[in-house]
Amino acid sequence: MEEAEGVVKHVVLAKFKEEMTDDQIDQLIKGYADLVNHVEPMKSFHWGKDVSAENMHQGFTHVFESTFESTKGVAEYVAHPAHVDFANKFLASTEKVVVIDYKPTTVRS
């Protein structure tokens, strides 16, 4: 196994509040995706909705993943005014959130 040299994945699991409409959620997702254009250390952004048949999602419906070149880049992102502004709106719209940052490890056979 080999740990990626500097790459860090920032993963957010979210359950939006019941009163949030699909349109409101879509607008939040667009705002999240737009951060990649304003926060230099953020290299990519992906998102999706839970499609698991295992029913172990614990109510979380959406997953968001951003890629950074280092833990320093994640710290810069967290403190960036565009992220702070977005995070305040995002968190006010969610019932619960989990955030995990990890360095991916490649398993070679």
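A residue is called buried when its relative accessible area is under 20%, exposed when it is over 50%, and partly exposed in between, using a 1.4 Å probe and protein chains only. By this definition Phe-45 is buried, because its relative accessible area is 15%. The structure is a predicted model, in which local features need pLDDT of at least 70, side-chain atom pairs count only at pLDDT 80 or more, and totals for chains, interfaces and linings use all residues. Residues are numbered from 1 along each chain as its sequence is written, and side-chain values use heavy atoms, with hydrogens and water left out.

**Overall architecture**

- The protein chain has three helices and six strands; helices (H or I, at least four residues) and strands (E, at least two) are DSSP runs numbered from the N terminus.
- Starting at the N terminus, the order of elements is β-β-α-β-β-α-α-β-β.
- Along the principal axes, the C-alpha atoms of the protein chain fill a box of roughly 45 × 40 × 15 Å.
- Of the 109 residues of the protein chain, 33% count as buried.
- Among contacts (heavy atoms within 4.5 Å) with a separation of 6 or more, 77% join residues 24 or more positions apart.

**The sheet**

- Strands of a sheet pair through backbone hydrogen bonds, either parallel or antiparallel.
- Four strands form an open sheet in the order β3-β4-β2-β5, with antiparallel pairing; two strands pair if DSSP finds at least two bridges between them.
- The edge strands are β3 and β5 (94-102), each of which pairs on one side only.
- On average, neighbouring strands of this sheet are turned by 15° against each other, direction ignored.
- The antiparallel strands β3 and β4 are joined by seven bridges.
- Helix α2 packs on the sheet, touching β2, β3, β4 and β5, and its direction makes about 40° with that of β2.
- Helix α3 also packs on the sheet, touching β2, β4 and β5, and its direction makes about 130° with that of β5.
- These angles run from 0 to 180 degrees between N-to-C directions, with axes fitted as lines to C-alpha atoms, for helices over the stretch in contact.

**Helix α1**

- Helix α1 (residues 22-34) has 13 residues and reaches 18 Å from its first C-alpha to its last, close to the 18 Å expected at 1.5 Å a residue; the expected span is 1.5 Å times one less than the number of residues.
- Its buried residues are Ile-25, Leu-28, Ile-29 and Tyr-32.
- Seen down the axis of α1, these buried residues fall within an arc of 100°, so they line one face of the helix; the arc is that of the directions from the helix axis to the C-beta atoms.
- The exposed residues Asp-23, Gln-27 and Lys-30 lie on the face turned away from the buried side of α1.
- The buried residues of α1 pack against β2 (8-16), β3 (42-49), β4 (62-68), α2 (71-79) and α3 (81-92).

- Phe-45 lies in strand β3, and its bridge partner in β4 is Ser-66.
- Not counting residues up to four places away in sequence, Phe-45 touches Ile-29, Tyr-32, Ala-33, Phe-64, Glu-65 and Ser-66.
- The largest nonpolar core has 19 residues, of which Phe-16, Tyr-32, Leu-35, Met-42, Phe-64, Tyr-77 and Phe-90 touch the most other members; a nonpolar core is a set of buried Ala, Val, Leu, Ile, Met, Phe, Trp, Tyr and Cys residues joined through side-chain atoms within 4.5 Å.
- Each of β2, α1, β3, β4, α2 and α3 supplies at least two residues of this core.
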